[in-house]
Amino acid sequence: MMNDPMIRAVDVHKHFGPVEVLKGVSLDVAKGEVIAVIGPSGSGKSTFLRCLIHLETVHRGTIRIEGETLVSTDAEGHCRYVPDPEIRRICGKMGMVFQHFNLFPHLTVLQNIIEAPMTVKGLRREEIVPKAEVLLKKVGLLEKRDSYPSRLSGGQKQRVAIARALAMEPDIMLFDEPTSALDPELTGEVLRTMRQLAEEHMTMVVVTHEMAFAREVASRAIFMDDGLIVEARPARELFAAPEHPRTKAFLENML
Amino acid sequence: MNYVFDILPPLLQGTGVTLQVFLITLVLSVPLGLALALMRISRFKTVSGLVNGYIWLMRGTPLMLQMLFIYFALPFVPVIGIRLPDFPAAIVAFVLNYAAYFAEIFRAGIQSIDRGQYEGARVLGLTYAQTMRRIVLPQVIKRILPPISNETITLVKDTSLIYVLAMNDLLRAARGIVQRDFTTTPFIVAAAFYLIMTLVLTYGFQRLEKKYAVYDE
């Protein structure tokens, strides 16, 4: 299993009613890779990310996480997910950060972070609190440990959300437009935290509109359009010399 | 003034009955209402459909009718026909009726919680039950305190309906004295008692709301 990619998605299809959102997306993500997924809105990039962690179900295709099958499709086209406890265990290898943070407003910053390790992993409070404090220090918010999320700025909220995901010790981190809901002056602090994670060789898939981040931090950039991956290449190459005309047009628009 | 003291014992006795009906109903109908709400939002259509019908029935007919039915008609219903004494019959009617109202309050509260909360919990590995218990319901309580408070205060006054089963609650006790002594003073005393009970409840709910005000959403 050593050679299994962290994520293997093969021919993933997804539709919402009659609207085909993913038309056969395939992607391998190796350990330590940082993938930036870019593309116009409605291209299916967020949906693809959500399929990886089973927030959406696929209608065809295969997804394997660290060699373990989450969903597979047989020759007749029947799509089968593994049983629920397996899904939970496999998706537990991944952490996710959302555009709108999704912090729990009734819990303090510290409680947000220790909730899942205690409830899901059964850790005792005194085991997890020191770890949570290390994570808070890492994202620079230790002094906010007893604040409620409503007292934090957007950038602080997102950093807490990152710490909360990391507290479950995932092997892979998924980011769904983590800075899109932030005021421009607050994106920097979140991107810095993500860059730090990338430098620690966390495997990351980042759906983003931050082209500078994608170019500088990502090892590979993927351009999606209309439910398909149009171009997937080392980030610097893709930004320096996009091959596909649609990629070109998109980047010219963005930069 | 002496007269007021003279009529206090029967009125206090009536208050005792009123409080019993109130407390037992509250303690039983809130959890039942929560269970109904969770069934109502179930993805199993039969379950949610049945609960939907139940709520329609309970909110669509008068509580007094339900009480009379359980006391007088239930014994003659085939299969489940049982004869209940007056107090249990009243309690059953109140619990079944109030649970329907509480269920709708809980449902509205649960459905007002942002989908992102479920997703946030899900990607952290929480099961549906854990998400409900640890994430959703604590937030629901804060949101539904005002309507729950409303319903609870209504319940205090609705208890006076048990007079139809000839039980001596506060209001019936007062009325008995009014008819005996040809004075309306017992009504005024009874009103004062109701006001004291609702005052205590109002205060209690205000305290709860304050407690939940430590966080904003």
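Predicted model: local features only at pLDDT ≥ 70, side-chain atom pairs only at ≥ 80, totals over all residues.
Mentor: Residues are numbered from 1 along each chain as its sequence is written, chains are lettered from A and ligands numbered from 1 in the order in which they are written, and side-chain values use heavy atoms, with hydrogens and water left out.

Trainee: Happy to begin! What makes B:Lys210 count as exposed?

Mentor: Exposed means over 50% relative accessible area, buried means under 20%, and partly exposed is in between, with a 1.4 Å probe and protein chains only. B:Lys210 has 66% relative accessibility, so it counts as exposed. This lysine lies in helix α8 (residues 185-212) of chain B.

Trainee: What makes a stretch of chain a helix or a strand?

Mentor: Both are DSSP runs, numbered from the N terminus: helices are H or I over at least four residues, and strands are E over at least two. Chain A comes to 9 helices and 11 strands, whereas chain B has 8 helices and 0 strands.

Trainee: How do you know that the span of α4 in chain A is close to the expected one?

Mentor: The expected span is 1.5 Å times one less than the number of residues. Helix α4 (residues 125-138) has 14 residues and reaches 20 Å from its first C-alpha to its last, close to the expected 20 Å. After α4(A) comes A:Gly140, with a positive phi near 75°.

Trainee: Why do we say that the buried residues of α4(A) line one face?

Mentor: The buried residues are A:Ile128, A:Val129, A:Ala132, A:Leu135 and A:Leu136. Seen down the axis of α4(A), they fall within an arc of 125°, so they line one face of the helix. That arc is taken from the directions from the helix axis to the C-beta atoms. On the other side, A:Glu126, A:Val134 and A:Lys137 are exposed. The cover over the buried residues includes α3 (109-119) and α5 (154-166) of chain A.

Trainee: What makes both faces of β3 in chain A covered?

Mentor: In a regular strand the side chains alternate between the two faces of the sheet. In β3(A), A:Val34, A:Ala36 and A:Ile38 are buried on one side, and A:Ile35 and A:Val37 on the other. Strand β3 (residues 34-38) has 5 of its 5 residues buried. In β7 (residues 94-97) of chain A, A:Met94 and A:Met96 on one side and A:Gly95 and A:Val97 on the other are all buried too.

Trainee: How do you know that β3(A) pairs with β9(A)?

Mentor: Two strands pair if DSSP finds at least two bridges between them. β3(A) and β9 (residues 203-207) have 4 bridges in the parallel sense, and A:Val34 has A:Met204 as its bridge partner. β3(A) also pairs in the parallel sense with β10 (residues 220-225) over 4 bridges, where A:Val37 stands opposite A:Ile222. For β7(A), 4 bridges join it to β8 (residues 172-176), running parallel, and A:Met94 stands opposite A:Ile172.

Trainee: Last one: why is chain A called as compact as a globular protein of its length?

Mentor: The radius of gyration is taken over C-alpha atoms, and the globule rule is 2.2 Å times the number of residues to the power 0.38. Chain A has a radius of gyration of 18 Å, close to the 18 Å that the rule gives for 255 residues, so it is as compact as a globular protein of that length. Buried residues make up 55% of those 255 residues.

Notes: Contact = heavy atoms within 4.5 Å.
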